[in-house]
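Subject: Structure handover

Hello,

Please find the structure below. My notes on it follow.

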Amino acid sequence: QVQLVESGGGLVQAGGSLRLSCASSGSIFSINAMAWYRQAPGKQRELVAHIISGGRTNYADSVKGRFTISRDNAKNTAYLQMNSLKPEDTAVYYCYANIATGIITKAYWGQGTQVTVSS
């Protein structure tokens with residue numbers, strides 16, 4: 001059984017920083033890609049940042065230059081460094097991972113962590 005556990009959310013003032021972590025555990029053979037999504041109240045879940053096993057990244061236009069996604073392959077952990085936070089970044093942030101467990105590859109989601117940015 002694979003689990004993703006997020007941490008690092010919280011309340012911060014506009015202009016501040018937070019660092020989210022997503023730790024994967026279980027019967028993991030390899031992790032092909034990891035990503036962070038977010039969902040604000042009344043809105044659809046959207047991709048924030050994505051990183052593949054080779055390290056290539058891509059970002060939503062709204063966070064480019066402010067957020068940085070990274071991963072520690074030895075720890076099966078992804079991070080999202082969020083700087084210059086804005087009130088519009090307020091959302092529940094979800095970790096996503098595409099994980100191979102033996103012959104099966106599937107998508108896994110974390111439970112979400114709340115990020116609230118006050119003005």
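Predicted model: local features only at pLDDT ≥ 70, side-chain atom pairs only at ≥ 80, totals over all residues.

Strands β1 and β3 are paired in the antiparallel sense, with 5 bridges between them. Here helices (H or I, at least four residues) and strands (E, at least two) are DSSP runs numbered from the N terminus, and two strands pair if DSSP finds at least two bridges between them.

Residues are numbered from 1 along each chain as its sequence is written, and side-chain values use heavy atoms, with hydrogens and water left out.

The pair belongs to an open sheet of 4 strands in the order β1-β3-β8-β7, with antiparallel pairing. β1 (3–7) and β7 (67–72) stand at the edges with a single partner strand each, so one side of each has no neighbour in the sheet. On average, neighbouring strands of this sheet are turned by 15 degrees against each other, direction ignored; axes are lines fitted to C-alpha atoms, for helices over the stretch in contact, and angles run from 0 to 180 degrees between N-to-C directions.

**The disulfide**

Which residues does the disulfide join? Cys22 is joined to Cys95, with an S to S distance of 2.0 Å. The count comes to 1 disulfide, where a disulfide is a pair of cysteine sulfur atoms within 2.5 Å. Cys22 lies in β3 (residues 18–25) and Cys95 in β9 (residues 91–101), so the pair ties together parts that are 73 residues apart in sequence. The torsion about the S-S bond of Cys22 and Cys95 is about -80 degrees, so the disulfide is left-handed. Both Cys22 and Cys95 are buried; buried means under 20% relative accessible area, exposed over 50%, and partly exposed in between (1.4 Å probe, protein chains only).

**Strand β9 and its partners**

β9 is mostly covered, with 9 of its 11 residues buried. β9 pairs in the antiparallel sense with β4 (residues 30–39) over 9 bridges, and Gln39 has Val92 of β9 as its bridge partner. Val92 also stands opposite Gln114 in β11; β11 (residues 113–118) runs antiparallel to β9 and is joined to β9 by 3 bridges.

A further antiparallel pairing, over 6 bridges, is that of β9 with β10 (residues 104–109). In this pairing Thr101 stands opposite Ile104 of β10. The hairpin of β9 and β10 has 2 residues between the strands, and Gly102 there takes a positive phi near 75 degrees.

**The largest pocket**

The largest pocket has a volume of about 180 Å³. A pocket is found on a 1 Å grid over the protein atoms alone, as an open set of points where a 1.4 Å probe fits, with protein on both sides within 12 Å along at least five of seven lines; lining residues have an atom within 4 Å of a point. The lining of the largest pocket has 13 residues, of which Arg38, Lys43, Glu46, Glu88 and Asp89 lie nearest its centre. The lining residues divide into 2 nonpolar, 4 polar and 7 charged.

**Arg66**

Arg66 is in the loop between β6 (57–59) and β7. Is Arg66 buried or exposed? At 10% relative accessibility, Arg66 counts as buried. The C-alpha atoms of Arg66 and Gln81 are 8.2 Å apart, and the two residues are 15 residues apart along the chain.

Regards

How values were computed
Points joined across faces, edges and corners; volume = space filled by probe spheres on them. Nonpolar A, V, L, I, M, F, W, Y, C, P; charged D, E, K, R; others polar.
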